[in-house]
Structure formats: C-alpha cells, structure tokens
Amino acid sequence: MATLVVPNQTSPLEDAEALHKAFKGWGADDKAIIAILGHRNVSQRQEIRKAYEELFQEDLIKRLESEISGDFEKAVYRWMLEPADRDAVLANVAIRNGSKDYHVVVEIACVLSAEELLAMRRAYHNRYKHSLEEDLLVGLVSIFRYEGDDVNARLAQTEANILHESVKEKKGNYEEVIRILTTRSKTQLMATFNHYRDEHAISISKKLLDQTSDDFHKALHTAIRCINDHKKYYEKVLRQAIKKFGTDEDGLSRVVVTRAEKDLKDIKGLYYKRNSVHLEDAVAKDISGDYKKFILTLLGK
C-alpha cells in the first residue's frame, strides 16, 4: 500500500499558480512547495508541470532546481519525474558512481516488471541518447522476463543445485547463474530459491553473505534479495541508510520517492517489526530542514 496522501479534488492550474507565487520574493516558500507537490500523485504532478509551462513559459522542474537546493532539491527533482524517467536517472547516476553503486541498477532491474523495465530502458535512451546496455553490460536490464505463474518443480530443483555449485566457491559458473536469473520468471525463481533452502538448510541470500567481497557476488546477492522479497530488501536499505554514521540520503530518498505511490506502507510495517521504531520517528531524528519535512510528507506523516 502507498503512503502518499492525496486530496479528493485538485486543480493543476491552481497548483501551478500557487507554485509560481511560492517562487516570488527572496527565497522560495518551501512550505507551499511541499504542501502541493508532496500531496499529488504522478499523473497530477505531470498535469501541474504541463499547466505551469503553459501559464509561465518555463519548465517547472528547472525552476524548482533554481529555487531549492541540497538533498531537498534532489528528492523533489526525482519526485517530479515520471517513474520510468526517474529510474533512468537513478541508473545513470549509479553507473557514473562506479562499482560501489551497481547494486542500484541491479535493484531497479529486479524489482520492476517487464513492462516497467522496458519503459525505463526507452526513457534512458531518450534522455542520454544511447542505450543502458551500452553503459552497463548486464543481462538483467536487457531481458523481457516472462511474468506468468507456472512453475516447473523439476527445473527448480536442478537449477537450485546449479546455484549451489556456483556460489559455494568464488570461482563458480557465473554464466549459468546469469542465465538462470535473467531467463526465469520471478515465480519460477522463487521456487528455485525455496528448493535451495530446503536442500541446504540455509537461504541462498544468507549463503552469499559470506561471499560478498567481490562485485559479482554483491550483485548476485542484491538480485536474489530483490526477486525473493523486494519489500524486505527496501527495509534493509532504509535501515542501513539511517544507521550509518551520517545518513545515506541517496538511499533514503531513493526508497521513499520510488515506493511512496506503491508499497511504502508495507515497507514501513516491516521496518517497525524489525526495529521496534516507527520509520517516521527514525527519519525525524536523523535528518532536518525542508528535506526532513518533504520526506515525512511522502511517508504520510
């Protein structure tokens, strides 16, 4: 379930005019910006952007970039983008940051549906004038995964054994692992992961925790966690973002902005169950200013 709170009736023209008013004077009225954009869904935000350009002959996103700054600006900027475009930006930033952020690309590739991933690849090409595959040669981003519910139990058992052989030593058969993860439906992969756990009395993701020193095993661990239960994966991203010495604002913003209209309420529930602290309270203690107000708004506070 989503955390975003949206009024029953809104007017894109009135919102555009209110935002334009918020930009006037010395410094923007950040409270007004949050009150409007923090309570509009993706289609409403696109309507506001269109109305603003028609009324004032300028791009609302570019105006926001010039009026606000820091983590607040970055979060608002990504919130204003359409989901496919936002994922394209997140992927590109991760690629430019090098191997330390490749897990973000794997996360996107494994959480999105086949249609969403295809839309993201198109948005990436449109924005950066070359394909995501040219920037990152990862099979996970280039496939169109079957999304049916059919399960082949014998295949699941066979491929669970292949995964076991591939991960028990660091010099595993990486091609086979990649083939399995990129060609099987998520339902089939869940069956494979369950066979692995039943056969070896440990989940494959826990097994990989001992083998995450190299980039391949780190990416493999992320892929399996996202496919297995992306909500639990996101809860851990939030937990680590907040527990770090100095908040990981990029991780916090990424989860809140991308999941607020989807399943952030469920992720919040998992966070409370795991940490005995409400996510809003943990966030409120860790960040400050307009960035804090905006993130709490998206959390439904």
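**The second largest pocket**

By class, the lining of the second largest pocket has three nonpolar, four polar and nine charged residues. Charged covers Asp, Glu, Lys and Arg; nonpolar covers Ala, Val, Leu, Ile, Met, Phe, Trp, Tyr, Cys and Pro; the others, Gly among them, are polar.

A word on the source. This is a predicted model, where local features need pLDDT of at least 70, side-chain atom pairs count only at pLDDT 80 or more, and totals for chains, interfaces and linings use all residues. Residues are numbered from 1 along each chain as its sequence is written, and side-chain values use heavy atoms, with hydrogens and water left out.

Who supplies that lining? Helices H14 (204-209), H15 (215-243) and H17 (264-275) each give at least two residues. H15 provides the largest share, nine residues. Helices here are DSSP runs (H or I, at least four residues), numbered from the N terminus.

Where does the second largest pocket lie? Domain 2 (153-228) and domain 3 (230-299) both give residues to its lining, so the pocket lies between them. Those bounds come from an automatic or database domain assignment.

**Now Glu 67**

UniProt, in an unreviewed entry, lists Glu 67 under "binding site", along with others including Phe 23 and Asp 286. Such annotations may be inferred rather than shown by experiment.

Glu 67 sits in helix H4 (residues 60-67). Buried or exposed? Glu 67 is partly exposed, at 23% relative accessible area. Partly exposed falls between buried, under 20%, and exposed, over 50% (1.4 Å probe, protein chains only).

Beyond its neighbours within four places in sequence, Glu 67 is in contact (heavy atoms within 4.5 Å) with Phe 23 and Ala 28.
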